[in-house]
Amino acid sequence: MKKKPTNIASRLVSIITPTYNSEKYIEETIASIRSQTHSNWEHLIVDDGSTDGTVELVKRLANQDSRIKFMQLEQNAGSAIARNRGIKEASGIYMTFIDSDDIWFPDFIENSIKEIEVSKVPFVYSSYRRSNEALEFVYSDFIVPKIVNYTDILKSNSISCLTAFVDISELGKKEMPLVRKRQDMGLWLRYLKEIPYAKGILEPKAIYRIREDSLSRNKKNLLRSQWYFYRNVENLSVLKSAYFMICWMYYGFMKYRN
């Protein structure tokens, strides 16, 4: 494991972003990272076969800021493989993720490190605001639980990929399972098998942009993916899988009711 510098400002944070046809929003995402009060970071952007102007846009921004490191997969392979490529390349003390249409508040990184230092918990996550595509706050804020453990995440994944923040100098690097959906949930569970719980930051520190295509998701496919995850990724029994599926549907309804 890496030795953690005493000076917090000198600790490198590895930020991982998969991209696919993201030219409409990714410049705002990158701007929110460049505005962070903690400036020692590397932004590992992994393109998953974009066919729009994403590649040219990110390359231009990377030329302006050497902290942005751009990589391309040879072909479209899915966000799990793209994120895992970023995880492999990460060289920081901490590892965190942000998708190509989301936004951090300026003190997100600083506040996450501070919470790890104060709580002595190597895995933290934050609440976030929820907006529509135009960044209008037409949805209520999502306020996270104070702590979550392995079983809690099986019931409802309250850790967003947008705000998960892991001290990999303590916990090491783990990869996401190679599934099309729930790969972030799979990574959180891998960490939570080794620590008692992750710690929540109740004040919103990011903006999750809810896009129209996500609102009209095929519910049958979501249920199928969730069942597959319980049975084939976590290897739960049919009975346990059915129990957690019921919990997941209930909490999912409560999360998006307003």
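I started in the sheet and found that Ile 15 stands opposite Thr 96 in β4. Helices (H or I, at least four residues) and strands (E, at least two) are DSSP runs, numbered from the N terminus.

Before going on, I noted that this is a predicted model, where local features need pLDDT of at least 70 and side-chain atom pairs count only at pLDDT 80 or more, while totals for chains, interfaces and linings use all residues. Residues are numbered from 1 along each chain as its sequence is written, and side-chain values use heavy atoms, with hydrogens and water left out.

Next I traced the open sheet of eight strands, and its order is β3-β2-β1-β4-β9-β6-β10-β8, with mixed pairing. Its edge strands are β3 (68–72) and β8 (147–148), each pairing on one side only.

Then I looked at helices. Helix α1 (residues 26–34) lies across β1, β2 (41–47) and β3, and runs at about 165° to β2. Helix α2 (residues 54–64) also packs on the sheet, touching β1, β2 and β3, at about 150° to the direction of β3. Contact here means heavy atoms within 4.5 Å. Axes are lines fitted to C-alpha atoms, for helices over the stretch in contact, and angles run from 0 to 180 degrees between N-to-C directions.

How many salt bridges are there? I got 17, taking a side-chain nitrogen of Lys or Arg within 4 Å of a carboxyl oxygen of Asp or Glu.

I looked up Arg 67 and Asp 65, whose closest N and O atoms are 2.8 Å apart in a salt bridge. Arg 67 is partly exposed at 24% relative accessibility, and Asp 65 is buried at 7%. Buried means under 20% relative accessible area, exposed over 50%, and partly exposed in between (1.4 Å probe, protein chains only).

Lys 193 and Glu 234 also meet in a salt bridge, at 3.4 Å from N to O. Lys 193 lies in the loop between α7 and β10 and Glu 234 in the loop between α9 (219–233) and α10 (238–255), so this pair ties together parts 41 residues apart in sequence. Lys 193 is exposed at 53%, whereas Glu 234 is buried at 9%.

Last, I searched for disulfides (cysteine sulfur atoms within 2.5 Å) and found zero.

Notes. Two strands pair if DSSP finds at least two bridges between them.
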